[in-house]
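Reader: I am new to looking at protein models. Could you show me how to go through one, feature by feature?

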Amino acid sequence: MNTLYQDMEARLALLEAEGNLRSLPRLEHHGRYVNTPGSKPMLNLSSNDYLGLAARTDWWQDFIDNVQPEALLPTSSSSRLLTGNFPVCEELEEELAALLGCEATLLLGCGYHANTGILPAVADKSTLILADKLVHASLIDGIRLSDARCIRYRHNDLAQLERLLAQHHGMYSRIIVVTESIFSMDGDEADLPRLVALKKQYDNVMLYVDEAHAFGVRGRRGMGCAEEQGCIPDIDLLVGTFGKAAASAGAFVACKQIVRRYLVNHMRPFIFTTALPPVNVAWTLHVVRRLPHLQEERRHLATLGGLLRQGLRQAELQCPGSSHIAPLIVGESTEAVKLAAHLQRQGFYALPVRPPTVPPGTARIRFSLTAALKAEEVESLLHNVRLYFNKALPTPCLCNGKAMDSQYI
């Protein structure tokens, strides 16, 4: 065997021995449920469909009935700078800017493109990036692709960030503070108003906020934590994605008009990528226009998150966060895999998150809640978690609001 392939084989074997080997699951989707070949239906607790819109067939039918035929094209065939700038793209950007109350937005291919393209475009060798320790991998890759120096401050430690700003603001032409609003793995939140206050102390500091897990879920109109906390105008680069709560694909950045023009000319993933298909953009617009009216779904999702976190903590289990993402920290990867298998046998499709996605020793089950869940299903999940840790007596598992037959267990 070629030595390169031997090295790959050895690395894969090491991952397997550590309990960190990944493989693609074969899943069938049935609304709120999924199943693997030969398995019974499992309630999906690993999706990013936070508002439960992906299974809204009534929304899809309404879209098909009313969409203009020219918007049904399945491909744009080029980048937006060539022939891919369809009218629906600008219509979506204008709708988003109006909802966010910002000068401009720019439609992008996906959140990964946004985070790996914006930072290299706006940061150069005279730039310092100060990034929260737990920002998403896409932001880390964007930082690496830039020419900037980077210092990663302790997670949500704004006292340390304040010291770093005071120490370095005179040494660089530009400093960019980078954070998520809701962190994808811990489910906790950044203090955006305090970050804005720190930024305003210096005239060469920009604030970059990734709202991937908050867009659609938080705020009166579903525009994210920045809307909820009243600081959209003070964020220089606000990124949101459509592949989670908005049940679509793609992303956007909200910014000043001058920044939008700059990105159109300097952001490589935007310049050199085929634009999103018009049918996809039209569907996103269909959803975005309805997000402000989903207050009840957002309220219900927040209630479910509180119920799950409280139940896990009452059982003396480690569950950080304050959102609809509720991680149960178990420690070693092998233990997380075992717990996931237990929950799947009980009818809950919950997955282990292991290094390198999270730091060693912090492997977890990441419960990703949606507004399509019911409170009694969360209670049933809690019971089965407690049962695994010998903190509860066995009772029937609930699925779809009813006691599950033993064949599901």
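Reader: Which way do strand 5 and strand 7 run, and how many bridges join them?

Author: Strands of a sheet pair through backbone hydrogen bonds, either parallel or antiparallel. Here strand 5 (residues 127-132) and strand 7 (residues 174-180) run parallel and are joined by five bridges. Two strands are said to pair if DSSP finds at least two bridges between them. Look for T127, which stands opposite R174 in strand 7. Strands and helices here are DSSP runs numbered from the N terminus: E for strands, at least two residues, and H or I for helices, at least four.

Reader: Before we go on, what should I know about the model itself?

Author: This is a predicted model in which local features need pLDDT of at least 70 and side-chain atom pairs count only at pLDDT 80 or more, while totals for chains, interfaces and linings use all residues. Residues are numbered from 1 along each chain as its sequence is written, and side-chain values use heavy atoms, with hydrogens and water left out.

Reader: Thanks! What is the strand order in the sheet of seven strands?

Author: The order is 4-10-9-8-7-5-6, in an open sheet with mixed pairing. Strand 4 (104-108) and strand 6 (149-153) each have a single partner strand, so one side of each has no neighbour in the sheet. From one strand to the next, the twist averages 20°; angles run from 0 to 180 degrees between N-to-C directions, and axes are lines fitted to C-alpha atoms, for helices over the stretch in contact.

Reader: In what sense do strand 7 and strand 8 pair?

Author: Strand 7 and strand 8 pair in the parallel sense, over six bridges. One place to look is V178, opposite Y208 in strand 8.

Reader: And where do the side chains of strand 8 point?

Author: In a regular strand the side chains alternate between the two faces of the sheet. In strand 8, V205, L207 and V209 point one way, M206, Y208 and D210 the other way, and all are buried. Buried means under 20% relative accessible area, exposed means over 50%, and partly exposed is in between (1.4 Å probe, protein chains only). Strand 8 (residues 205-210) is therefore mostly covered, with six of its six residues buried.

Reader: What is the order of the strands in the sheet of four?

Author: This open sheet has the order 1-2-3-12, again with mixed pairing. Strand 1 (28-30) and strand 12 (348-349) are the edge strands, each pairing on one side only. Strand 2 (residues 33-35) and strand 3 (residues 42-44) pair in the antiparallel sense over two bridges, and Y33 stands opposite L43 in strand 3.

Reader: Now helices. At what angle do helix 3 and helix 11 pack?

Author: Helix 3 (residues 87-100) and helix 11 (residues 278-288) pack at about 25°, with their axes 9 Å apart. That makes helix 3 roughly parallel to helix 11. Angles under 35 degrees count as roughly parallel, over 145 as roughly antiparallel, 65 to 115 as roughly perpendicular and the rest as oblique.

Reader: Which residues of the two helices meet?

Author: V88, C89, E91, L92, E95, L96 and L99 in helix 3 meet P278, V281, A282, T284, L285 and V288 in helix 11. By class, this contact of helix 3 with helix 11 has 10 nonpolar, one polar and two charged residues. Ala, Val, Leu, Ile, Met, Phe, Trp, Tyr, Cys and Pro count as nonpolar, Asp, Glu, Lys and Arg as charged, and the others, Gly among them, as polar. Contact means heavy atoms within 4.5 Å.

Reader: How many residues of helix 11 are buried?

Author: Helix 11 is mostly covered, with 10 of its 11 residues buried. Their cover includes helix 2 (57-66), helix 3 and strand 4.

Reader: How do helix 4 and helix 9 cross?

Author: The axes of helix 4 (residues 111-122) and helix 9 (residues 257-266) come within 10 Å and cross at roughly 100°. That makes helix 4 roughly perpendicular to helix 9. I118, A121 and V122 of helix 4 make the contact with Y262, L263 and H266 of helix 9.
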